[in-house]
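Good morning, and thank you for coming.

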Amino acid sequence: MKFSEYITEKRKERKLSIRQLALYSEVSPGYISQIESENRGTPTPDVLKKLAKGLKIPYQELMEVAGYIDSEKPELPELTEKDERDIAKDLEEMLNNLNSKDGYAAFDGRDIDEMDEEDRELLKASLENSLRLAKRMAKQKFTPKKYRR
């Protein structure tokens, strides 16, 4: 939907005239009319903030419709078998270091041997999810564009 159509639709949903919207948003009626008739380009973020206030809609929403913000977040790349093996290896190393007294820090003041089974499984799942997310984010950030699928 075009920005001009969106503004017109929201104004009419709220049963506001152009003059009323101008009064509530502190933007001139002529400027609003130009926006709605597409005689004006996309307003600046400052004007969008005023329009959002006048229309009582989230500023973020107007920024997305105007094209200042991309609302679709890119998907993270999938993990390969090698990535899965690396994660399993790193996870095992972390858990082993939690077992030894000279390893990393203890979890909640206890090493892994002092935890009950449920806490150990929760810790393991949390570490695994963190490793997976970190790996996927790193792949997205550091893979050259020509090798992305």
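Let us start with Ser4, which is buried, with a relative accessible area of 6%; buried means under 20% relative accessible area, exposed over 50%, and partly exposed in between, with a 1.4 Å probe and protein chains only. This is a predicted model, in which local features need pLDDT of at least 70, side-chain atom pairs count only at pLDDT 80 or more, and totals for chains, interfaces and linings use all residues. Residues are numbered from 1 along each chain as its sequence is written, and side-chain values use heavy atoms, with hydrogens and water left out.

Where does Ser4 lie? Its place is in helix 1. Helices here are DSSP runs (H or I, at least four residues), as are strands (E, at least two), numbered from the N terminus. Leaving aside neighbours within four places in sequence, Ser4 is in contact, meaning heavy atoms within 4.5 Å, with Ile35, Glu36 and Glu38.

After helix 1 comes Lys15, with a positive phi near 55°.

I turn now to how the helices pack. Two packed helices are described by the angle between their axes and the distance between the axes. Axes here are lines fitted to C-alpha atoms, for helices over the stretch in contact, with angles running from 0 to 180 degrees between N-to-C directions.

The axes of helix 1 and helix 4 come within 10 Å and cross at roughly 25°. Helix 1 and helix 4 are therefore roughly parallel to each other; angles under 35 degrees count as roughly parallel, over 145 as roughly antiparallel, 65 to 115 as roughly perpendicular and the rest as oblique. On the helix 1 side, Phe3, Ile7, Lys10 and Arg11 meet Leu48, Leu51 and Leu55 of helix 4. The residues of this contact divide into five nonpolar, no polar and two charged. In this scheme Ala, Val, Leu, Ile, Met, Phe, Trp, Tyr, Cys and Pro count as nonpolar, Asp, Glu, Lys and Arg as charged, and the others, Gly among them, as polar.

What of helix 2 and helix 4? Their axes come within 8 Å and cross at roughly 115°, which makes helix 2 roughly perpendicular to helix 4. Leu21, Tyr24 and Ser25 in helix 2 meet Lys50, Leu51, Lys53, Gly54 and Leu55 in helix 4. That contact comprises four nonpolar, two polar and two charged residues.

Which residues touch the most other members of the largest nonpolar core? Among its 19 residues, they are Phe3, Ile7, Leu51 and Leu62. A nonpolar core is a set of buried Ala, Val, Leu, Ile, Met, Phe, Trp, Tyr and Cys residues joined through side-chain atoms within 4.5 Å. Setting aside neighbours within four places in sequence, Ile7 is in contact with Ile35, Glu36, Leu51, Leu55 and Leu62. A second, separate core of eight residues includes Leu91, Leu98, Met115 and Leu131.

Finally, the whole protein. Its secondary structure comes to seven helices and zero strands, and 26% of its 149 residues count as buried.
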